[in-house]
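Here is a quick briefing to read with the model open beside you.

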Amino acid sequence: QVQLVESGGGLVQAGGSLRLSCAASGRALSTLAMGWFRQAPGKERDFVAAISQSGGNTIYADSVKGRVTISRDTAKNTVFLQMNTLKPEDTAVYYCAARPVPVWDVAARRSADDYGAWGQGTQVTVSS
């Protein structure tokens, strides 16, 4: 059973930066494909970024490409989402997700349906 706990959200002015963290327990990151998603009020949950179990593959939504970086620290079993040049439209609850995968599976996944474990979310609010 994978458990995920996000942190690092908050209120920031447009143009600012935040780093979100997702601490995983129950399985090592080397056995998990990880993703970040976000959901704004009244909208569907959208893909933001993902990283493969090897850490070698990363993918990003077009809306955040160039402003966001997903990374991980296997020693801390934690995945990070560094967000720069934040915009008001980035305001949302950000969720971390995990999918146990075999060692040969090096895919980074953008579909929420591919993930079985989710964190409780962390609020990011960007003021204009």
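A quick word on naming: helices (H or I, at least four residues) and strands (E, at least two) are DSSP runs, numbered from the N terminus. You're looking at a predicted model, where local features need pLDDT of at least 70, side-chain atom pairs count only at pLDDT 80 or more, and totals for chains, interfaces and linings use all residues. Residues are numbered from 1 along each chain as its sequence is written, and side-chain values use heavy atoms, with hydrogens and water left out.

**Around Asp73**

- Asp73 sits in strand 7.
- Its relative accessible area is 23%, so Asp73 is partly exposed; buried means under 20% relative accessible area, exposed over 50%, and partly exposed in between (1.4 Å probe, protein chains only).
- Setting aside residues up to four places away in sequence, Asp73 touches Leu29, Thr78 and Phe80, where contact means heavy atoms within 4.5 Å.
- A polar atom of the Asp73 side chain lies 3.0 Å from the backbone nitrogen of Ala75.
- Asp73 and Ser52 are 21 residues apart along the chain, and their C-alpha atoms are separated by 13 Å.

**The disulfide**

- There is 1 disulfide by the rule used here, namely a pair of cysteine sulfur atoms within 2.5 Å.
- Cys22 and Cys96 are the partners, at 2.0 Å from S to S.
- The pair links distant parts of the chain, with Cys22 in strand 3 (residues 18–25) and Cys96 in strand 9, 74 residues apart.
- The disulfide of Cys22 and Cys96 is left-handed because the torsion about its S-S bond is about -75°.
- Cys22 counts as buried at 0% relative accessibility, and Cys96 counts as buried at 0% too.

**Salt bridges**

- Side chains of opposite charge can pair when their charged atoms come close.
- The whole structure has 4 salt bridges, each being a side-chain nitrogen of Lys or Arg within 4 Å of a carboxyl oxygen of Asp or Glu.
- Asp90 pairs with Arg67 at 2.8 Å, N to O.
- That pair links distant parts of the chain, 23 residues apart: Asp90 is in the loop between strand 8 (78–83) and strand 9 (92–100), and Arg67 is in the loop between strand 6 (58–60) and strand 7 (68–73).
- Asp105 and Arg109 form a salt bridge, with their closest N and O atoms 2.8 Å apart; Asp105 is buried at 9% relative accessible area, and Arg109 is buried at 14%.
- Asp62 and Lys65 meet at 3.3 Å, N to O, and both Asp62 and Lys65 are exposed.

**The nonpolar core**

- The largest nonpolar core has 36 residues, and those with the most contacts inside it are Leu4, Met34, Trp36, Leu81, Met83 and Tyr94.
- A nonpolar core here is a set of buried Ala, Val, Leu, Ile, Met, Phe, Trp, Tyr and Cys residues joined through side-chain atoms within 4.5 Å.
- At least two core residues come from each of strand 3, strand 4 (32–39), strand 5 (45–51), strand 7, strand 8, strand 9 and strand 11 (122–127).
- Beyond its neighbours within four places in sequence, Met34 has contacts that include Leu4, Cys22, Ile70, Cys96 and Tyr115.

**Aromatic pairs**

- The search turns up 4 aromatic pairs; rings of Phe, Tyr and Trp (its six-membered ring) pair if their centres lie within 6.5 Å, with planes under 30 degrees apart stacked, over 60 edge-to-face and the rest tilted.
- Phe37 and Tyr115 are edge-to-face, because their ring centres are 5.5 Å apart and their planes are at 75°.
- Both Phe37 and Tyr115 are buried.
- Phe37 and Trp118 make a tilted pair, with centres 5.1 Å apart and planes at 55°.
- Phe37 is in strand 4 and Trp118 in strand 10, so this pair ties together parts 81 residues apart in sequence.
- Trp118 is partly exposed, at 27% relative accessible area.
- Phe37, Phe47, Tyr115 and Trp118 form one aromatic cluster.

**Positive phi angles**

- Most residues other than glycine have a negative phi.
- Asn77, which is not a glycine, has a positive phi of about 55°, and Asn77 lies in the loop between strand 7 and strand 8.
- Thr85 is not a glycine either, and has a positive phi of about 45°; Thr85 is in the loop between strand 8 and strand 9.

Key:
Polar contact = N/O pair within 3.5 Å; in protein donor to acceptor, adjacent residues only side chain to side chain.
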